Amino acid sequence: MLLVRQAEMALTKLFADGEVPGFIHLSIGQEAIAAGVCSALASGDTLATTHRGHGHVLARGLALDGFFKEVMGRAGGICQGRGGSMHVADTSLGILGANGIVGAGIPIALGSALAQSVLGTGALAVSFFGDGAMAEGVLHETLNMAALWKTPLLLVCENNGWSEFSPTARQFAAQLGGLAAAFGIVHELVDGNDVLAVADAATRATSAIRSGNGPRLLECKTHRVRGHFEGDPQKYRAAEELQAGAKIDPLERAQAALRKAGIGADVLAAAASEVAQRIEAAITAARADGLPDFAPALADVYTPLPA
């Protein structure tokens with residue numbers, strides 16, 4: 001969680017300074033979901049994420065050098081600087097990619113889960129999605145197919161209460177638990193700001209899935225600290241809600257639990273220092289890296305006609 005938080009805080013400055021091309025969508029305040037869910041995954045599992053997916057890929061183990069080079073548009077990025085913030089992927093880690101289209105990663109994860117089932121790998125697929133995707137038909141279709149085929153699919157909803165700039169209640173008339181029940185899929189609602197609660201729920205869900213009990217849906221209630229995109233003035237949110245994040249910060253809660261368990265302040269400070277040094281080194285490496293060449297990118301788009 002420290003890694004995700006500090007990496008995204010660094011991105012806020014890089015973006016403001018013009019070192020990050022395009023838009024970025026930050027998951028500050030939602031780190032416990034990424035850390036808790038990914039702690040329950042095995043090496044062969046796959047995941048599909050969203051436009052707000054930095055936390056998921058970093059929690060899965062994506063190398064910091066490749067991550068910062070990609071988001072900063074450098075040739076050495078994990079996708080050679082072509083994908084940027086919203087299209088980070090690394091198939092060696094089972095990261096099927098982020099997606100700028102709301103809900104579009106859900107059927108990709110379903111396809112991966114079906115492949116795992118057909119091949120008999122014993123692995124599973126995870127789809128992270130926001131509450132803005134609850135009204136998307138592709139979610140409903142995926143729930144239906146996943147239930148019919150008993151695919152090893154874990155659907156994780158990061159419910160921060162906002163569908164871009166609108167309250168989710170204005171976008172979706174039902175409740176996610178009711179939708180899951182309509183397809184006979186087990187749904188669990190969890191405090192998404194409590195990393196231990198998320199990890200426990202994810203462990204139960206993945207264990208059930210690996211035992212052949214079909215898909216599961218985990219809904220994590222959380223808080224989006226920053227706007228829909230970095231630079232969003234958030235005029236649509238009340239001041240009280242904007243300030244509420246400090247009271248439920250998942251990092252503060254985790255640190256309090258660690259201190260209660262006897263972990264000293266020096267240990268926590270050392271962890272934060274180590275993470276800061278790793279991030280600074282990755283940013284330095286990204287700044288020193290070159291920009292992508294046009295010719296190789298063009299070669300990946302067009303196939304030359306035979307002579």
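Residues are numbered from 1 along each chain as its sequence is written, and the structure is a prediction in which local features need pLDDT of at least 70 and side-chain atom pairs count only at pLDDT 80 or more, whereas totals for chains, interfaces and linings use all residues. Side-chain values use heavy atoms, with hydrogens and water left out.

Six strands form an open sheet in the order 2-1-3-4-8-7, with parallel pairing; strands (E, at least two residues) and helices (H or I, at least four residues) are DSSP runs numbered from the N terminus, and two strands are taken to pair if DSSP finds at least two bridges between them. The edges are formed by strand 2 (95-97) and strand 7, each of which pairs on one side only. From one strand to the next the twist averages 20°, angles being taken from 0 to 180 degrees between the N-to-C directions of axes, which are lines fitted to C-alpha atoms and, for helices, cover the stretch in contact.

Strand 8 (residues 216-221) is mostly covered, five of its six residues being buried, where buried means under 20% relative accessible area, exposed over 50%, and partly exposed in between (1.4 Å probe, protein chains only). Strand 8 pairs in the parallel sense with strand 4 (residues 153-159) over six bridges, and its parallel pairing with strand 7 also runs over six bridges. Cys220 in strand 8 is the bridge partner of Glu158 and also that of Val190.

Helix 2 and helix 8 pack at an angle of about 35°, their axes lying 8 Å apart. Their crossing is right-handed, a term for a near helix turned clockwise from the far one by less than a right angle, the anticlockwise case being left-handed. In this contact (heavy atoms within 4.5 Å), Ala32, Ile33, Ala35, Gly36 and Val37 of helix 2 meet Val195, Val198, Ala199 and Ala202 of helix 8. The contact residues divide into eight nonpolar, one polar and no charged; Ala, Val, Leu, Ile, Met, Phe, Trp, Tyr, Cys and Pro count as nonpolar, Asp, Glu, Lys and Arg as charged, and the others, Gly among them, as polar.

A search of the whole structure finds nine salt bridges, each defined as a side-chain nitrogen of Lys or Arg within 4 Å of a carboxyl oxygen of Asp or Glu. In one of them, Arg5 is joined to Asp249, with the closest N and O atoms 3.2 Å apart. This pair links distant parts of the chain, 244 residues apart, since Arg5 belongs to helix 1 (residues 2-16) and Asp249 to the loop between helix 9 (239-244) and helix 10 (250-260). Arg5 is buried at 14% relative accessible area, as is Asp249 at 16%, and a network of salt bridges links Arg5, Glu31 and Asp249.

Arg210 forms a salt bridge with Asp45, the closest N and O atoms being 2.6 Å apart. Because Arg210 lies in helix 8 (residues 195-210) and Asp45 in the loop between helix 2 (31-38) and strand 1 (46-48), the pair ties together parts 165 residues apart in sequence. Arg210 is partly exposed at 35% relative accessible area, whereas Asp45 is buried at 1%.
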